Every structure is written in structure tokens, then in C-alpha cells.
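The entries follow the order in which I looked things up.

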Amino acid sequence: MNEQKELALKQENLSERNRQIPTVAPVVDILENDDEILLFADMPGVSREDITVNIENGRLALSGVRKMSTAGAASWEEFGEVEYRRVFSVPQTINIGKVGAELKEGVLRLRLPKAEAAKPRQIEIKAS
Amino acid sequence: MWTRMSDFDRMFQAMDLLQSRLSGIFEDYGRFRPTVSTWGITEASPRTNLYDVGDRLEVKIEVPGISKNDLNIKIQGNYLEISGSRKSDTPQGYKAHRIERGESTFTRSFTLPSDVEASRVEAALKDGILTLRLPKIEQAKPIQIAIG
């Protein structure tokens with residue numbers, strides 16, 4: 001039993017060295033049309049400055065830390081400080097320079113416009 | 001019988017630990033479950049916290065994506081009821097790859113540990129968290145006793 005505990009502790013140190021708060025995946029909606037991809041994520045309690053969005057090599061990594069200032073004795077506590085983290089695969093054709101992000105009412109809304117070259121194009125057939 | 005509940009609790013803790021490990025390995029694991037503890041009772045209603053801060057109570061509720069017009073708070077004595085509805089924010093003309101958030105309505109009611117002054121309750125909504133400050137009635141406030 002003791003050995004197991006030690007092993008568990010070791011593993012904890014390896015993978016989660018700097019993390020004291022639990023990590024959860026936020027629930028998301030992902031929508032797409034010809035021009036852009038939209039990603040909405042629920043992150044209640046996370047303020048703007050605690051959110052990071054990284055896009056590189058076709059990976060979009062989303063992270064938001066919820067900090068809570070609480071006073072008094074908790075009679076019950078169903079949620080607490082948490083890190084919302086989730087990684088998505090995005091097409092390489094996203095125009096990274098034009099990605100928009102908005103945080104409102106605890107919902108993060110990302111707008112990922114597609115590069116011009118990736119948009120579907122109607123090909124006109126010319127009469128010869 | 002209830003004294004044995006801690007055993008169950010410990011078991012769930014172990015399962016949660018295992019789950020968090022698995023989440024680290026597989027990105028997909030537990031993806032559709034927004035709650036921190038996926039083994040516990042699943043809730044359709046939002047999660048809440050209740051704090052006792054001496055002369056007032058403080059309630060926090062997770063309500064992402066719900067505007068203040070769609071929230072209703074009712075208080076009577078020591079009974080508190082919060083209801084709300086979440087409207088879909090999915091724009092038209094998009095193909096959905098993944099819909100996990102969706103529309104929902106909820107009602108949650110509590111019996112508070114003491115009566116509160118309903119007229120002096122403050123409610124604030126910030127970043128998807130509703131915070132209620134409920135001042136206790138005079139009789140319920142703690143009194144400092146001086147040692148004679």
C-alpha cells in the first residue's frame with residue numbers, strides 16, 4: 001500500500017509538477033461555414049487576462065484559469081478553482097493573423113477565418 | 001450505515017484520480033462531461049457554492065452564457081429559488097461539428113441556513129458566475145459575547 005502511494009506521488013510529480021488545481025475540459029460548440037470556423041467554449045468565472053489561446057502547427061490549445069476569491073465558511077462547495085484546458089486540431093489553412101476572440105458571460109467565442117486559398121471557389125466555365 | 005460513506009467517498013476519489021490520469025493521456029477521455037467529478041451524481045442544474053460570512057450568506061452559481069434577463073431569483077424567508085434559461089447562440093448557416101453546450105432551462109432551490117432580508121439582497125453577474133449576497137436577519141446574526 002505504501003509503495004503504491006509512493007509510486008502515485010512520483011507520477012504526480014512527473015506529469016503535474018506545477019499544477020495544484022484540477023484541470024477540466026470545457027464544453028464547446030464547433031461550427032463551420034465556407035468562410036470561417038467558430039469555437040464557443042463555456043468557461044464560467046474565468047477573466048479575460050487568464051485565458052490563453054495558442055495556435056500552431058494545426059493545433060489550437062485553449063487554456064483558462066478560474067480564480068475564486070471566497071470569504072467565510074463554505075456550507076457547501078460544488079465548484080472551485082479550476083483550469084479549463086482543451087486542445088483541438090485545426091486546419092493549417094486558418095488565417096492566424098485574423099483570429100478573433102471575445103469573452104462574454106463566461107463564454108469564450110473564437111472566430112477562425114479561413115485563408116483565401118482555402119475557401120471553396122466556384123469555377124466558371126468559359127465558352128471557347 | 002452512514003458512517004461507512006467515507007469509504008465510498010474514498011473510492012470515488014480514487015476513481016477521479018484515475019480519470020484525471022486518463023484525461024492526461026487521452027484528450028478525448030471524459031470530453032462530454034463538464035463536471036469535475038464524473039462519477040458522482042450527474043446534475044442538470046448549475047453548480048453552486050454557499051458561504052457563511054458572519055452577518056451575511058453568499059451564494060455563487062455557475063451560469064455561463066446566460067444573460068441577466070434570463071435569470072430569475074426568488075427569496076422568501078430562508079427559501080431561495082433560482083431559475084434560468086439558456087438560449088442557443090448558434091448562428092444560422094453554419095455546419096455543426098460539435099454541439100456540447102446547447103439550450104437548457106433549470107430551476108434550483110435551496111433552504112438557506114438562516115432567514116435573510118429579501119429586500120437587501122444584492123445580485124451580481126460577472127463572467128458567467130452569479131453571486132448573491134444575502135444579509136441575514138437581525139436575529140440570525142452572530143453576536144459577540146463579552147466575558148464578564
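Before reading any accessibility, I noted that buried means under 20% relative accessible area, exposed over 50%, and partly exposed in between (1.4 Å probe, protein chains only).

Conventions. The model is predicted, so I kept in mind that local features need pLDDT of at least 70 and side-chain atom pairs count only at pLDDT 80 or more, while totals for chains, interfaces and linings use all residues. Residues are numbered from 1 along each chain as its sequence is written, chains are lettered from A and ligands numbered from 1 in the order in which they are written, and side-chain values use heavy atoms, with hydrogens and water left out.

Interface. I looked up contacts (heavy atoms within 4.5 Å) and found 45 residues of chain A in contact with 42 residues of chain B. For buried area, which is the accessible area (1.4 Å probe) that two parts lose on being put together, summed over both, I read about 3,800 Å² between chain A and chain B, with 52% of it on carbon and sulfur atoms. Trp76(A), Phe79(A) and Glu105(A) supply 18% of the area that chain A buries against chain B, more than any other three residues.

Salt bridges between chains. I took a salt bridge as a side-chain nitrogen of Lys or Arg within 4 Å of a carboxyl oxygen of Asp or Glu, and the rule finds seven of them across the interface of chain A and chain B. In one, Arg86(A) and Glu100(B) have their closest N and O atoms 3.0 Å apart. Strands and helices here are DSSP runs (H or I, at least four residues, for helices; E, at least two, for strands), numbered from the N terminus.

I then followed Glu62(B), whose side chain meets that of Arg66(A) in a salt bridge at 2.6 Å, N to O. Glu62(B) lies in strand β2 (residues 56–62) of chain B and Arg66(A) in strand β5 (residues 59–66) of chain A, so the pair joins two chains. Glu62(B) is buried at 8% relative accessible area, and Arg66(A) is buried at 2%.

Next I looked up Arg108(B), which forms a salt bridge with Glu78(A), the closest N and O atoms being 2.9 Å apart. Arg108(B) counts as buried at 18% relative accessibility, whereas Glu78(A) is partly exposed at 27%.

Within chain B. Arg56(B) and Glu58(B) meet in a salt bridge of 2.4 Å, N to O; Arg56(B) is partly exposed at 22% and Glu58(B) buried at 6%.
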